[in-house]
Amino acid sequence: MKDENKIMNENKAAPEAKKTHTPKKPKNNADAGKRYGRRAKLIAVFVLVAVILANLGTYFLTESFGLEFDMTRNSKYTLSSTGKETAAALTKDVVIYSMYGEESKETYTYLYKLVENFAAASDRITTQFIDPVKNPTFANQFLTNGTTSIPTGSIIVSTADHTKFRVLTSYDFYNYTYDESYNVSITGYKAESSIANALLYLNSDSSPMVYFLSGHGEISTSVFGTVIGVLEQLNYTCVELDGSQLNTLVQGDTLVVNGPTRDLTSEEVADLSAFMDNGGRMIYLAEIGYELPNFEEVLSKYGIGINNDIVYETDSTKYYYNQTYVVPDEFGVHAITDQLAGQNLTALITESRSLYNTDVTTPNLTVTSLMDSSKGSFGKVDLESIATTQADGDNIGPLSLAMAAEQLHYTSGADQDPATKLVVFGSCSFISSFYSYGANGDLFIYAVNWLQDAQADTVSIVSKSLRGDSLGFTSYAQIWTVGAIVVIVIPFIVILAGVVVWLRRRHL
């Protein structure tokens with residue numbers, strides 16, 4: 001009986017055991033792939049919608065609230081603290097005219113953003129677009145110093161009544177450099193400094209005076225337009241002065257005599273001497289072939305004489321184009337030229353007469369040669385000769401191409417009156433015709449700054465470089481190592497990651 005019951009129990013349990021070990025239905029890989037594909041599509045759509053919404057939100061914030069972020073490496077579109085302070089300190093209403101149509105603002109993005117930032121920094125500043133094509137006569141009221149037009153893309157910074165203004169062109173917006181062949185390239189932005197100084201000029205009630213002498217066959221100030229523009233950008237006031245007005249010069253003024261071909265009258269000599277004796281400041285640029293004893297009398301009193309010659313250079317590495325376009329071999333130790341040496345700059349002194357120290361015994365007088373030609377140079381005294389080799393009687397190098405003199409004046413006791421200062425260049429064409437070559441322009445501006453004891457009311461804002469950062473290698477091993485990482489290691493890692501992802505997705 002027990003056996004029968006046992007058999008019956010086993011028969012009942014058997015179906016249960018068989019049911020328990022029934023194998024599961026295998027997965028359908030096609031269905032899994034479809035689910036993965038749908039999930040990937042949803043993620044892609046979500047990311048795309050998020051990007052679109054982010055762009056729309058950014059556009060809304062920018063257009064509605066002017067919310068922008070300057071992501072450039074050197075904050076190209078952001079005002080410096082100095083620029084903001086200059087704008088905020090304005091006590092007069094100022095208008096900044098952008099000389100291009102509003103539809104062209106994307107073409108001048110850098111200038112447009114900069115002007116808008118200045119306007120945002122001060123309630124005194126308003127901006128306006130002027131399309132020179134649609135309004136061709138508007139700029140006429142701002143023409144000065146013989147200029148006949150204002151280029152498109154320029155900026156005019158003016159008081160509201162147009163009584164004071166500054167015209168800023170591309171020269172004021174960018175830093176330029178020159179290679180050994182004197183090819184020009186742009187290296188940075190300086191427009192912020194130019195606009196800030198223009199605002200400072202408009203806000204001031206006075207500025208140092210620089211007079212350009214006329215009436216003696218001097219080079220016209222219209223040819224000197226670029227120089228005058230730079231001086232005005234530095235907040236100097238530049239005015240033409242006739243010889244009959246020399247008696248109006250006062251202490252602190254600077255007189256520029258640029259390439260005279262006719263001499264001073266006796267009355268003018270007296271007036272010029274009185275000005276210089278009273279702490280006057282003067283730059284004299286000599287013209288080839290003109291001996292002017294009255295001018296030279298005034299110069300010689302301060303230890304500087306001018307030879308009636310033309311400097312030739314025989315060292316091919318010391319001249320450019322022809323032998324009378326001289327690259328100075330050596331700069332003197334002086335406040336004017338020290339700045340050139342510090343920036344590793346040089347000048348091109350064209351068609352120059354040589355200078356010499358007259359060795360006068362004037363008290364408290366210091367005379368310095370600013371730059372000399374090489375030992376192989378010479379000063380040809382026969383100006384009619386076409387020979388380019390040295391002849392008997394020629395002045396032997398090295399020869400001075402520019403000199404500076406300073407005489408200190410003392411009253412009773414320890415007080416010192418303003419010094420008399422004089423700078424003489426043997427060339428006038430190096431500025432009038434070759435201003436943009438090398439450091440010619442810088443040299444002249446540094447000379448004016450030294451004469452004026454840098455009294456001009458200006459601000460200094462560091463230019464924003466166009467040049468990117470570069471890696472500095474000290475050995476070939478470093479070069480090969482970095483090259484191997486970039487060319488071999490990184491691509492291998494990317495390929496390996498791709499293969500791994502591909503293999504894993506095959507089995508999904």
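Among contacts in the protein between residues at least 6 apart in sequence, what percentage join residues at least 24 apart? The share is 75%, where contact means heavy atoms within 4.5 Å. This is a predicted model, in which local features need pLDDT of at least 70 and side-chain atom pairs count only at pLDDT 80 or more, while totals for chains, interfaces and linings use all residues. Residues are numbered from 1 along each chain as its sequence is written, and side-chain values use heavy atoms, with hydrogens and water left out.

**Overall make-up**
- The protein has 13 helices and 22 strands, which are DSSP runs numbered from the N terminus (helices: H or I, at least four residues; strands: E, at least two).
- Of its 508 residues, 38% count as buried, meaning under 20% relative accessible area with a 1.4 Å probe and protein chains only.

**Helices H4 and H6**
- The axes of helix H4 (residues 109-120) and helix H6 (residues 191-203) come within 11 Å and cross at roughly 40°, the axes being lines fitted to C-alpha atoms over the stretch in contact, with angles running from 0 to 180 degrees between N-to-C directions.
- Tyr110, Leu111, Leu114, Val115 and Phe118 of H4 make the contact with Ala191, Glu192, Ile195, Ala196 and Leu199 of H6.

**An open sheet**
- Three strands form an open sheet in the order E12-E18-E19, with antiparallel pairing; two strands pair if DSSP finds at least two bridges between them.
- Strand E12 (310-312) and strand E19 (395-396) are the edge strands, each pairing on one side only.
- E12 pairs with strand E18 (residues 378-380) over three bridges, and Val311 has Gly379 in E18 as its bridge partner.

Methods: Buried < 20%, exposed > 50% of the residue type's maximum accessible area, 1.4 Å probe, protein only.
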